[in-house]
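Please consult the structure while reading.

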Amino acid sequence: MRDLDVAEIEKLRQLNRVKVMATLVLIACFLVMVAAKMLEHHYPAFAFVAAFAEAATIGGIADWYAVVALFKQPLNLPFPHTAIIPRNQHRIGDNLGRFIESNFLAPEPVNEKLREIDFAGEISTWLSDRTRARSLASFGGKLVPQLLQSVDERGLVHFATQRVTGQIAKTDIAPLLGNVVQTFIQGGRHQKLLDDLIKALHRFLNDDETLEVVRTKVKQELPVMFNVIGADTLILRRIVRAASELLDEIKDDPDHPLRTEFEAFLITYLDRTRRTKAFAKQVEQVKQTMLARPELEEAAEHLWRGLKAYVLEDVQSNGSVLVERLADMFVEIGTTLKDEPNLRRDINEGMVIVLSNLVEEQRGSIATYVAEQVKGWDMKQLLVLIEVNVGRDLQYIRFNGMIIGGCVGVVLYLVETLLLS
């Protein structure tokens with residue numbers, strides 16, 4: 001339990017003042033009763049005052065007893081059914097837990113309350129704020145090193161490599177290759193590939209170091225006499241010029257015969273992958289040979305280490321690309337949610353289902369937790385907190401008891417007088 005704060009200390013002072021006032025009023029009623037009793041023989045009208053004061057005193061004492069009995073034994077005497085709250089702490093805890101379980105955590109009120117909440121709207125508003133989105137992305141970035149370390153410790157890279165290679169080993173890839181080539185041809189991307197090859201050959205033919213290597217090879221193959229007259233350079237220039245001219249023709253002519261030959265080669269390759277069992281067998285053998293190579297797992301490990309090093313270096317830098325991309329993604333999600341009512345509805349419905357099921361599964365545990373907390377409270381301090389927050393109202397019951405008791409006393413005295421007269 002905690003200490004009283006400033007506001008509660010002030011409430012305690014007010015409570016003590018009300019207690020003193022109620023006690024003084026009770027004493028005043030008793031003194032008025034005594035004085036009225038002494039004067040009623042000389043002045044009959046004081047009989048009504050005595051009746052009021054006597055009944056008010058009795059009512060005040062009875063209500064004082066009732067209020068005190070809630071928290072402790074009046075005058076520290078062992079009256080039965082007193083100190084009700086301390087003596088029933090465990091029963092109060094169990095009853096409170098069951099009450100919360102049956103009423104607050106019942107499926108109907110929980111579902112009704114959850115449906116009042118626009119979860120998707122809250123998510124959208126939160127994520128649309130760039131500062132919040134970046135804070136969330138930064139938090140996610142801080143978790144990346146632990147995640148990568150966990151992957152290493154659990155051998156997930158080796159496990160994933162084994163699973164992937166196992167699935168590839170079971171898959172007949174010849175038809176897949178055929179489908180890939182067919183899609184490649186149908187989209188016209190094979191011509192783009194040819195253009196890229198032409199550009200690469202152009203760069204090759206215009207690279208000085210490459211040309212020098214080729215010239216050296218040509219020089220070695222020519223007779224010495226031809227080398228003396230520089231035939232190697234002349235031959236190389238003509239070869240390069242002729243090749244460049246051919247490449248330019250192919251690049252500029254979309255209907256060039258070599259383009260047709262290239263497309264025919266790919267189509268023939270496609271037919272072989274689909275119809276020739278021997279080719280499919282060869283592809284399968286190549287696949288199995290590659291999968292059996294130990295270098296494959298080494299390559300996977302090397303790829304993972306490179307990726308891990310890059311990610312770790314990135315998330316630890318001030319301008320992390322990963323964090324920025326995550327922040328962009330979160331902002332985009334938040335913005336998209338604002339304009340997608342169907343998605344918002346699905347998210348809200350999903351959250352209601354998930355949270356209501358969670359509450360339903362855990363409501364017994366929640367009730368038990370509440371009961372155990374109540375049973376473990378420091379009862380003395382708890383009683384102080386209860387008195388601080390509701391004690392003034394309880395003390396006003398004493399005032400009401402004296403007033404009502406006094407009025408009833410006057411009525412009873414009046415009835416008695418009328419009956420005896």
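**Exercise 1.** State how many aromatic pairs this predicted model contains, and classify the pair formed by Phe48 and Tyr413.

*Solution.* Step 1: the count comes to four aromatic pairs.

Step 1: the ring centres of Phe48 and Tyr413 are 5.1 Å apart, and a pair requires centres within 6.5 Å.

Step 2: the planes of these two rings stand at 85°. Since planes over 60 degrees apart count as edge-to-face, the pair of Phe48 and Tyr413 is edge-to-face.

Step 3: Phe48 belongs to helix α2, while Tyr413 belongs to helix α19 (residues 379–420), so the pair ties together parts that are 365 residues apart in sequence.

Step 4: Phe48 has 35% relative accessibility and counts as partly exposed. Tyr413, at 25%, also counts as partly exposed.

**Exercise 2.** Determine which class the ring pair of Tyr396 and Phe399 falls into, and whether each residue is buried or partly exposed.

*Solution.* Step 1: the centres of the two rings lie 5.7 Å apart, with the planes at 40°.

Step 1: Buried means under 20% relative accessible area. Phe399, at 14% relative accessibility, is therefore buried, whereas Tyr396, at 37%, is partly exposed.

**Exercise 3.** Identify the element that gives the most residues to the nonpolar surface patch, and describe the exposure of Leu24.

*Solution.* Step 1: the patch covers about 1100 Å², and its residues include Val20, Leu24, Ile27, Phe30, Tyr43, Phe46 and Val49.

Step 1: Helix α1 gives the most, with nine residues.

Step 2: Leu24, a member of the patch, lies in helix α1. Its relative accessibility is 54%, so Leu24 counts as exposed.

**Exercise 4.** State how many disulfides are counted, and classify the exposure of Cys29 and Cys407.

*Solution.* Step 1: a disulfide is a covalent bond between the sulfur atoms of two cysteines. The count here requires cysteine sulfur atoms within 2.5 Å, and it comes to zero disulfides.

Step 1: Cys29 has 13% relative accessibility and so counts as buried. Cys407, at 43%, counts as partly exposed.

Terms used: Residues numbered from 1 in each chain as written. Predicted model: local features only at pLDDT ≥ 70, side-chain atom pairs only at ≥ 80, totals over all residues. Heavy atoms only, no water. Patch = residues over 30% accessible without salt bridge, like charges linked within 9 Å, V, L, I, M, F, W, Y side chains within 5 Å. Areas by Shrake-Rupley, 256 points an atom, 1.4 Å probe, with all protein chains shown as cover. Salt bridge = Lys/Arg side-chain N within 4 Å of Asp/Glu carboxyl O. Helix = DSSP H or I, 4+ residues; strand = E, 2+ residues; numbered from the N terminus. Buried < 20%, exposed > 50% of the residue type's maximum accessible area, 1.4 Å probe, protein only. Phe/Tyr/Trp six-rings, centres within 6.5 Å; stacked < 30°, edge-to-face > 60°.
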